[in-house]
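Welcome! The notes below will walk you through it topic by topic.

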Amino acid sequence: MTLTRLIIFALLLTLGRPTTAQPTAEPESPAVFSPVTWERLLNAGSEPHNWLMYNGTLDSKRFSQLDQIDTSTVASLKLKWAHHIPQLDRAETTPLVVDGVMFITESPSNVVAVDAITGRPFWRYDHPLPDDLRICCGRNNRGVAILGETLYMSTLDAHLVAIDGRSGSLLWNQEVADHRSGYSKTAAPLIVKDRVVTGIAGGEYGIRGFLDAYDADTGEREWRTYTIPGPDHPDNRTWAGDSWRTGGSPTWITGSYDPELNLVYWGTGNPGPDWNGDVRQGDNLYADSVLALNGDTGEMSWYFQFTPHDVHDWDAIQIPVLADIELDGETRKAMLWANRNGFYYTLDRETGEFLLGKAFARQTWAEGLDSNGRPIRRPGTFPSQEGTLVAPIAGGATNWWSPAYSPRTGLLYVNAFDGEALFFSREQEYVEGNTFTGGGTETPLAIDNYASAIRAIDPSTGDIKWEFPITPRSRAGVLATAGDVVFSASVDGYFYALDATNGQPLWDIALGGPVHASPMTYAVNGQQFVTMTIGNVVYTFGLDD
Amino acid sequence: MRRKHLTQCLLVILVITLTGPSWTTQTIAQDTNNPFTSRIDLRMGQRLFQTQCTTCHGLNATGGNEGIGPDLTTGRFRHADTDVGLYRVIRNGVRGTAMIGLGAEPPDQSIWQLVTYLHSLSSTADDPGGSPVIGRQLFNGKGNCNRCHMVNGEGGRLGPDLSFVGERRRPSELLADLVNPDDEVSPRWWTMKVSGLDGRQFEGLRMHEDTFTFRIMDADENLRSFEKYGPWSYERIQSSTMPNYTQSLTPEERNNLVAYLFSLRRDR
């Protein structure tokens with residue numbers, strides 16, 4: 001065989017290799033991605049080139065060890081690719097990246113797998129939905145979870161589905177609750193060992209909230225913990241009469257997990273009806289709380305209620321950020337929580353003890369927090385027939401979008417909003433499947449009169465170390481990286497980077513669409529990327545190749 | 001004759017096709033006046049409004065936050081000028097807009113009660129009763145309003161376009177605008193004052209501001225754009241650039257001007 005023939009033969013061999021399952025990331029790999037074991041999820045922080053769960057890691061710091069994009073290089077970011085979501089609605093996704101493959105959820109309950117370098121698709125799964133959905137706030141989905149080679153996704157018809165990560169085929173489809181009664185599902189599940197832990201939405205429909213865990217292989221339910229205790233439990237007496245049956249308290253954002261304590265942490269939403277508390281006198285446990293549940297059984301270890309007897313729709317639907325911090329010379333296993341009610345809290349995550357708290361945004365409803373962290377309400381701040389002006393707004397001083405914590409700076413970065421609203425109370429009868437809010441809210445001035453800010457909070461004091469003003473507001477999450485860069489976005493379509501140490505702007509780009517999502521970062525073949533969904537487009541940026 | 005009959009049949013089919021199923025099932029809405037206008041009906045309409053409409057139109061029907069649904073308290077409705085028209089909009093929605101309609105499920109009575117409630121929201125009780133004709137003369141003459149405000153394509157650009165101001169402001173609010181112009185200034189009409197490091201200064205109306213940039217129209221109607229983190233300092237002046245008409249117009253003249261402004265609505 002001549003040399004020429006040898007070369008031609010080698011070329012033919014190369015060209016003839018199967019390419020259908022080869023990601024650009026690892027062309028030598030026989031698999032699209034290697035199975036994501038529980039051990040990988042436990043140590044997700046040690047493989048920062050991947051983003052293996054909704055909050056990046058089980059402690060939900062939303063902090064990446066990647067540092068190629070840092071304070072000196074971030075200004076050179078360039079657009080690498082964009083993926084257009086075909087269904088027009090709110091895009092609230094945080095994608096996962098596993099070994100060069102990105103999984104993006106789309107409105108209403110779909111998921112697409114794309115090459116993380118090019119954004120081009122491998123497969124998509126479109127979940128069929130009935131026509132009679134009950135959804136309060138847009139047809140959205142925030143992300144998937146992965147275990148092994150299977151993706152787990154919540155759907156708007158209150159189902160949990162398992163999808164093959166290599167092909168997009170449906171593996172099982174489990175009804176979690178009856179959507180006709182007002183239940184829906186929007187949050188990414190959380191994997192805990194071999195279980196899929198998943199919450200429920202429907203706080204504006206008089207549901208009774210719960211948190212579930214399902215066998216990852218079979219889809220069989222392993223435990224359910226109601227977020228409103230039944231009549232056999234003493235805490236049920238925090239609800240007047242039968243109001244607990246329709247008391248809401250949903251669980252529509254992904255929680256966190258501490259493997260050493262074997263505790264799942266999950267926030268709960270508003271009691272229902274939202275704005276008429278007269279029909280549900282009492283503290284309304286465990287609405288607007290964080291619950292600490294045994295990961296194997298769902299048994300409650302402790303709870304902390306941020307807003308007893310909430311009448312302003314201030315869901316405690318924030319991501320529990322788990323960090324060990326120095327407090328009074330002692331290292332504490334802490335939980336950091338900037339709440340929709342305007343207060344920041346540091347809790348002991350072993351016991352639920354309140355360690356400190358302070359307002360981080362404009363609030364007019366409480367004098368402060370007492371020594372147990374219970375708010376000291378100001379009189380005359382309940383919703384009324386004619387409207388009562390209160391800060392924050394119903395949407396909160398912050399909301400479900402992610403905060404981020406950097407161990408390098410020791411700061412928690414939060415998207416805060418200094419707004420106010422008129423809160424109206426109305427009588428309303430519960431009708432199954434109908435909205436059950438008991439009133440409403442209006443902002444008295446145009447939204448331009450108010451402002452948001454990224455605020456950097458010191459969790460050992462609750463003090464705000466710096467802030468970056470956003471005009472007029474933001475509904476975006478925050479990402480922090482080892483490059484000392486904080487990424488976020490604004491409602492008018494800016495994606496931007498700040499210096500994590502002082503809040504100085506380092507880079508920005510106007511992408512035009514409204515933002516309802518949180519940024520994430522990953523790397524393929526040694527190159528770091530940062531991804532943000534703006535409008536209905538998933539954008540990915542990186543430095544020059 | 002046979003051909004004419006066929007044409008009539010086709011016409012009926014076409015009408016049914018175009019109007020959809022609501023035409024065939026909701027016959028009551030075709031030609032009749034609203035038969036449900038009592039106080040009880042009004043209250044029931046209000047209840048239905050609060051469960052079905054407040055998400056977009058606001059609890060008091062004055063418009064949703066961030067511009068989702070229009071103000072329904074002005075007495076003027078963009079897509080209907082009769083009760084039957086309102087009925088159809090409520091039931092069928094408005095194609096191409098976010099107004100989706102309640103569909104076929106609610107009974108006729110409920111839709112009519114909603115119509116009754118919507119009518120109760122608008123009031124001309126605070127109309128000062130001036131002359132719109134004289135008001136128009138004042139607008140373009142003594143008041144000099146047209147120097148800054150445009151009406152139907154004529155006038156200045158340094159104030160809000162008032163072509164349809166009667167649809168969004170009540171007479172009492174218009175009167176208050178004349179005598180207390182600083183009380184309620186939309187951020188669009190704030191003034192941005194910009195100072196450059198090189199000593200240059202700019203001042204203009206705040207056309208748009210975001211996190212990193214803002215744009216103004218200066219007194220010469222030039223459009224200028226600035227980066228917030230550029231070589232500039234800037235401040236927002238939240239008072240109005242409009243003069244106070246307490247001294248320059250008599251109460252009667254102000255009433256006439258209000259009557260003119262309140263008359264500025266879309267032709268139907």
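Where in chain A is the place of Tyr286(A)? Tyr286(A) sits in the loop between strand S16 (263-267) and strand S17 (289-294) of chain A. Keep in mind throughout that this is a predicted model. The points below start with the backbone, then move to the interface, a pocket and the cavities.

**Backbone details in chain A**

- Most residues other than glycine have a negative phi, and most peptide bonds are trans.
- The bond that joins Leu285(A) to Tyr286(A) is a cis peptide bond, with omega about 0 degrees.
- Another cis peptide bond links Ala391(A) with Pro392(A), and here omega is about 5 degrees.
- Pro392(A) belongs to the loop between strand S25 (388-390) and strand S26 (404-406) of chain A.
- Lys193(A) is a residue other than glycine, yet its phi is positive, near 60 degrees.
- To find Lys193(A), look in the loop between S11 and strand S12 (195-198) of chain A.

**Where chain B meets chain A**

- On one side of the interface, 20 residues of chain B take part, and they are in contact with 25 residues of chain A.
- The size of an interface is often given as the accessible area lost when the parts come together.
- For chain B and chain A, the buried area is about 1800 Å², and carbon and sulfur atoms give 51% of it.
- How many salt bridges does the rule find across the interface of chain B and chain A? The count is zero.
- Polar contacts do turn up between chain B and chain A: the rule finds four residue pairs, with both residues at pLDDT 80 or more.
- On the side of chain B that touches chain A, helix H3 (39-52) and strand S4 (201-209) of chain B each supply at least two residues.
- By class, that side of chain B has six nonpolar, eight polar and six charged residues.

**The second largest pocket**

- This pocket has a volume of about 350 Å³.
- Its lining is made of 15 residues, and those nearest the centre of the pocket are Asp89(A), Arg90(A), Ile135(A), Gly138(A) and Arg139(A).
- Five nonpolar, four polar and six charged residues make up the lining of the second largest pocket.

**Cavities**

- Searching the whole structure gives three cavities of 30 Å³ or more.
- The largest cavity has a volume of about 70 Å³.
- Residues that line the largest cavity include Gln318(A), Trp337(A), Trp401(A), Pro403(A) and Asn415(A).
- Strand S20 (330-338) and strand S27 (411-417) of chain A each give at least two residues to the lining of the largest cavity, and S20(A) has the largest share, with three residues.
- Among the residues lining the second largest cavity are Trp38(A), Met53(A), Ala145(A), Pro189(A) and Ile191(A).
- Helix H2 (38-42), strand S7 (145-147) and strand S11 (190-192) of chain A each contribute at least two residues to the lining of the second largest cavity.
- The lining of the second largest cavity has nine nonpolar residues, with no polar and no charged ones.

Methods: Residues numbered from 1 in each chain as written. Chains lettered and ligands numbered in written order. Predicted model: local features only at pLDDT ≥ 70, side-chain atom pairs only at ≥ 80, totals over all residues. Heavy atoms only, no water. Contact = heavy atoms within 4.5 Å. Buried area = accessible area lost by both parts, 1.4 Å probe. Salt bridge = Lys/Arg side-chain N within 4 Å of Asp/Glu carboxyl O. Polar contact = N/O pair within 3.5 Å; in protein donor to acceptor, adjacent residues only side chain to side chain. Helix = DSSP H or I, 4+ residues; strand = E, 2+ residues; numbered from the N terminus. Nonpolar A, V, L, I, M, F, W, Y, C, P; charged D, E, K, R; others polar. 1 Å grid on protein atoms, 1.4 Å probe; cavity = no way out; pocket = protein on both sides within 12 Å on 5 of 7 lines; lining within 4 Å. Points joined across faces, edges and corners; volume = space filled by probe spheres on them.
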